[in-house]
Amino acid sequence: MKFDIVTIFPRMVEAGLAEGVISRGIERGLLDVHVHDLRGYTTDRHRSVDDVPYGGGPGMVMKPEPLARAVEDIRTRRGGPDAVVLLSPQGRRFTQAEAVRMSALRHVALLCGRYEGMDDRIRTLVATEELSIGDYVLSGGELPALVIVDAISRLVPGVVGDSRSVEEDSFSRGLLDYPHYTRPSEFSGHKVPDVLLSGHHEEVRRWRKKTAIRRTLERRPDLLDTAALDDEGRALLDEIKKEQEREP
Ligand code: SAM
């Protein structure tokens with residue numbers, strides 16, 4: 001899977017790509033990530049990427065020409081991206097479902113904004129979609145780009161060593177993940193649930209499924225409206241609700 005990231009802070013993005021799962025995916029040739037310095041697409045002596053806003057007001061606005069040239073260059077040298085993503089707090093919310101959708105694409109370009117954001121003609125003429133990573137405002141699109149590349153890359157086959165861990169992650173099945181424990185079996189007077197030490201695989205599986213459903217019900221009941229629970233999942237949900245009714 002190919003990613004192209006356009007930014008005025010390439011080192012910030014490269015640092016985020018240099019460790020962990022993504023860097024291993026790049027080393028193994030499963031991910032092909034290019035970071036483009038937007039200033040390399042300027043034509044003036046000062047390498048300007050921003051200018052004052054028409055109509056006045058605070059802040060600076062990212063000029064459209066360098067961004068358009070960067071995307072054109074990516075098209076020419078790297079092939080046409082399936083999606084050109086403008087990162088913005090005003091975009092559609094990036095979720096696990098969006099990550100799944102985008103993991104089926106072969107090539108995604110991401111445009112990182114700074115200042116007050118980009119000249120709006122980049123949204124209408126160059127970008128194919130506008131994504132937000134949440135309802136808060138960051139100083140730039142570099143962290144959102146890394147968030148999106150990371151979430152999509154985890155879904156590219158082979159990037160995460162054991163695909164079962166991705167399948168069991170929060171949101172993948174519409175549920176939150178079950179709790180995880182490792183040694184020691186007792187820590188600060190708190191023991192690991194007995195069932196996990198029992199060696200009984202079927203009981204462990206059922207406990208994990210039930211705990212995932214319970215956590216989702218307690219923390220994110222909204223997810224259960226759309227989670228595709230099987231017969232066992234629905235029975236476990238009823239069981240949990242009955243247990244909760246009995247709890248003081
Ligand atoms: N004036 C803009 C607004 O209120 O919508 C905010 C601009 S923000 C300070 C600068 C850049 O950071 C944006 O152009 C965008 O690329 C990025 N950014 C900030 N928050 C973001 C978010 N929640 N999701 C995605 N990108 C974000």
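Where is Thr 42 found?

1. Basis. The model is predicted: local features need pLDDT of at least 70, side-chain atom pairs count only at pLDDT 80 or more, and totals for chains, interfaces and linings use all residues. Residues are numbered from 1 along each chain as its sequence is written, and side-chain values use heavy atoms, with hydrogens and water left out.

2. Thr 42. Thr 42 lies in the loop between β2 (32-37) and β3 (50-51); helices (H or I, at least four residues) and strands (E, at least two) are DSSP runs numbered from the N terminus. The Thr 42 side chain comes to 2.6 Å from the backbone oxygen of Arg 39. Beyond neighbours within four places in sequence, Thr 42 is in contact (heavy atoms within 4.5 Å) with Arg 47, Ser 48, Val 49, Pro 66 and Arg 69.

3. Largest nonpolar core. A nonpolar core is a set of buried Ala, Val, Leu, Ile, Met, Phe, Trp, Tyr and Cys residues joined through side-chain atoms within 4.5 Å. The largest has 26 residues, and those touching the most other members are Phe 3, Ile 5, Leu 31, Val 85, Phe 94, Leu 110 and Ile 152. At least two residues of this core come from each of β1 (2-7), α1 (10-17), β5 (83-93), α4 (96-103), β6 (107-111) and α6 (142-153). α6 gives the largest share, 6 residues.

4. Another core, of 18 residues, lies apart from the largest one and includes Tyr 41, Met 62, Val 84 and Val 126.

5. α1 and α6. These helices pack at about 30 degrees with axes 10 Å apart (axes are lines fitted to C-alpha atoms, for helices over the stretch in contact; angles run from 0 to 180 degrees between N-to-C directions). α1 is therefore roughly parallel to α6 (angles under 35 degrees; over 145 is roughly antiparallel, 65 to 115 roughly perpendicular and the rest oblique). In this pair, Met 12, Val 13, Gly 16 and Leu 17 of α1 meet Glu 142, Leu 143, Leu 146 and Val 149 of α6.

6. α9 and α11. The axes of α9 (residues 201-219) and α11 (residues 231-246) come within 9 Å and cross at roughly 60 degrees. That makes α9 oblique to α11. Residues of α9 in this packing include Arg 205, Ile 213 and Leu 217, and those of α11 include Glu 232, Leu 236 and Ile 240.

Terms used. A polar contact is a pair of N or O atoms within 3.5 Å; within protein, one must be able to donate a hydrogen and the other to accept it, and residues adjacent in sequence count only if both atoms are side-chain atoms. Buried means under 20% relative accessible area, exposed over 50%, partly exposed in between (1.4 Å probe, protein chains only).
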